[in-house]
Amino acid sequence: MIPDRIVLRLGELTLKGRNRHRFEKQVMEQVKRVLRPFPSIAYRKEFGRIVLLTGGADVEALKAPLRKVFGITSFSPVYTSALEPETIERMALQVMQTLPDVPNTFKVNVRRANKNFPIDSQEMNRRVGGHVLRAFPDLKVDVRQPEVELKVELREEEALIYCTREEGAGGFPVGSNGKAMLMLSGGIDSPVAGYLAMRQGLRLEAVHFHSYPFTSERSQQKVKDLADKLSAYTGSIKLHMVPFTDVQTKIHQVYNKNLLITLLRRAMMRIAGKLAVTAEAGAIVTGESLGQVASQTLGSMNAIGQVVQMPLIRPLVCMDKQSIIRIAESIDTYTLSILPYEDCCTLFLPPSPSTNPNVNVVESIERSMPWLESELDEAVRRTETVWIGNDRNKTSDPFASLF
Ligand code: ATP
Ligand code: MG
């Protein structure tokens, strides 16, 4: 016996008011995108959920792509039965028999949406429960905390029966909360920050600073591969590759002491800000986490963050490294991130970077670099932009139709 439908539950708590319709539409678009390789599927929108009629598609194969759709809180493979009490009893038992392990406790939950069904839900609960109990002698009913809840929905046309529920990606549909520019390094943290920002409904563009030829082509490829992992959640990502070598070298020629990192980070942040404005992004996302390194103290973050007007989103700021690594593993970026390619930031490292940069001093050093602004503009001008991901051949914004 194989399930012929999948019920997708959308974020119930966030589905309030006028946004619900838009939320459902955005999730539906994403579901259709990830399931594009399965043309037999038909899609139905219902209140607070989406039902997939699999049309013979392998349900197991659908699970991994569905877990990449933000806005789905959980989903269940579902079996369809004719609206006859005996058939429902028999199928409910068969559904229980598909479980890999026999549970110790269960309960039946019948919902009678179809008021023409001749038996009320209490009586159906008893009938289905009794039928299952007769087949599993050790099984007990526990109405409070059952290991398995066997659900039967009596609808107009058919009964839906299911007893498993799998966790979805949760969060908000991609783009439902606007757009942001992710500063994407080749490290562990920023891809995780990007994932969390997307899960919160932000559509991302990404910017990466490289110091070619001091850093290799391979380190750029690594960043593209990381962006590709993130794009699995959205279809595609626009990635801006900024040549940072000239800016870096020129700043280093004028100043190479303990505030160098702050100066370089401010230069990066300014460029990210310029690209964000062009992209009409409302925020910049970074992978900074408080206390990790010298540039991630409160003082440093403040000195760096001051150069842009828009909000800076730091999803990892209060997370410890182990939790960050766990997410990196779950989104499959960890093994890429730990590949040992150079990063532009390691090019010129001062012996003891300041952990509490004095902004006045930093600003006065910058005033001694009158060419700085035009150098940053030149880096923006020479930036190469590539589409990464499934829809990478598209030249236009694949999300434009959603807004
Ligand atoms: P990550 O693991 O994301 O590289 P990190 O712990 O190495 O972070 P830093 O090197 O201090 O921390 O970088 C802090 C943040 O600055 C990064 O998370 C990223 O958002 C941004 N960043 C650093 N280097 C680059 C780069 N070459 N291109 C784009 N953004 C960068
Ligand atoms: Mg890094």
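Mentor: Contact means heavy atoms within 4.5 Å. The model is predicted: local features need pLDDT of at least 70, side-chain atom pairs count only at pLDDT 80 or more, and totals for chains, interfaces and linings use all residues. Residues are numbered from 1 along each chain as its sequence is written, chains are lettered from A and ligands numbered from 1 in the order in which they are written, and side-chain values use heavy atoms, with hydrogens and water left out.

Trainee: Leaving aside neighbours within four places in sequence, which residues is Lys-63 in contact with?

Mentor: Lys-63 sits in helix α2, residues 59-66. Helices (H or I, at least four residues) and strands (E, at least two) are DSSP runs, numbered from the N terminus. Beyond four places in sequence, Lys-63 is in contact with Phe-75, Pro-77 and Glu-166.

Trainee: Is Lys-63 buried or exposed?

Mentor: Buried means under 20% relative accessible area, exposed over 50%, partly exposed in between (1.4 Å probe, protein chains only). The relative accessible area of Lys-63 is 11%, so the residue is buried.

Trainee: Which side chain makes a polar contact of 2.7 Å with the side chain of Lys-63?

Mentor: A polar contact is a pair of N or O atoms within 3.5 Å; within protein, one must be able to donate a hydrogen and the other to accept it, and residues adjacent in sequence count only if both atoms are side-chain atoms. The side chain of Lys-63 has such a contact of 2.9 Å with that of Glu-60. At 2.7 Å, the partner side chain is that of Glu-166.

Trainee: What do the buried residues of α2 pack against?

Mentor: The buried residues of α2 are Val-59, Leu-62, Lys-63, Pro-65 and Leu-66. At the start of this helix, a side-chain oxygen of Asp-58 comes within 3.1 Å of the backbone nitrogen of Glu-60. The packing partners of the buried set are β1 (5-10), α1 (19-34), β3 (49-53), β4 (72-81) and β9 (166-167).

Trainee: Which residues does the UniProt annotation "binding site" cover?

Mentor: The entry is unreviewed. Its positions are given in the numbering used here, feature names are shortened, and annotations may be inferred rather than shown by experiment. The record covers Met-183, Leu-184, His-208, Phe-209, Arg-265, Gly-287 and Gln-296.

Trainee: Which backbone oxygen does the side chain of His-208 reach?

Mentor: His-208 belongs to strand β11, residues 203-210. Its relative accessibility is 4%, so His-208 counts as buried. Beyond four places in sequence, its contacts include Ser-185, Val-223, His-240 and Leu-184. The backbone oxygen reached by the His-208 side chain, at 2.8 Å, is that of Leu-184.

Trainee: Which backbone nitrogen lies 2.8 Å from a polar atom of the Gln-296 side chain?

Mentor: Gln-296 lies in the loop between β13 (284-285) and α9 (298-305). With a relative accessible area of 9%, Gln-296 is buried. The backbone nitrogen at 2.8 Å belongs to Ser-289.

Trainee: At roughly what angle do the axes of α7 and α8 cross?

Mentor: Axes are lines fitted to C-alpha atoms, for helices over the stretch in contact, and angles run from 0 to 180 degrees between N-to-C directions. The axes of α7 (residues 245-254) and α8 (residues 260-278) come within 10 Å, and they cross at roughly 145°.

Trainee: Which residues of α7 and α8 make the contact?

Mentor: From α7 come Val-247, Gln-248, Ile-251 and His-252. By class, the contact has 6 nonpolar, 2 polar and no charged residues. Ala, Val, Leu, Ile, Met, Phe, Trp, Tyr, Cys and Pro count as nonpolar, Asp, Glu, Lys and Arg as charged, and the others, Gly among them, as polar. From α8 come Leu-260, Leu-263, Leu-264 and Ala-267.

Trainee: Which residues does the cis peptide bond join?

Mentor: Most peptide bonds are trans. Here, omega is about 5° at a cis bond. Pro-213 falls in the loop between β11 and α6 (217-231). The cis bond joins Tyr-212 and Pro-213.

Trainee: What is the positive phi of Glu-280?

Mentor: Glu-280 is in the loop between α8 and β13. At 70% relative accessibility, Glu-280 counts as exposed. Although not a glycine, Glu-280 has a positive phi of about 55°.

Trainee: Which residue with a positive phi follows α10?

Mentor: Asp-320 caps the N-terminal end of α10, with a side-chain oxygen 3.1 Å from the backbone nitrogen of Gln-322. The buried residues of α10 pack against α5 (189-199) and α11. The loop between α10 (321-330) and α11 (334-337) holds Asp-332, which is partly exposed at 39%. The residue after α10 with a positive phi, near 65°, is Asp-332.
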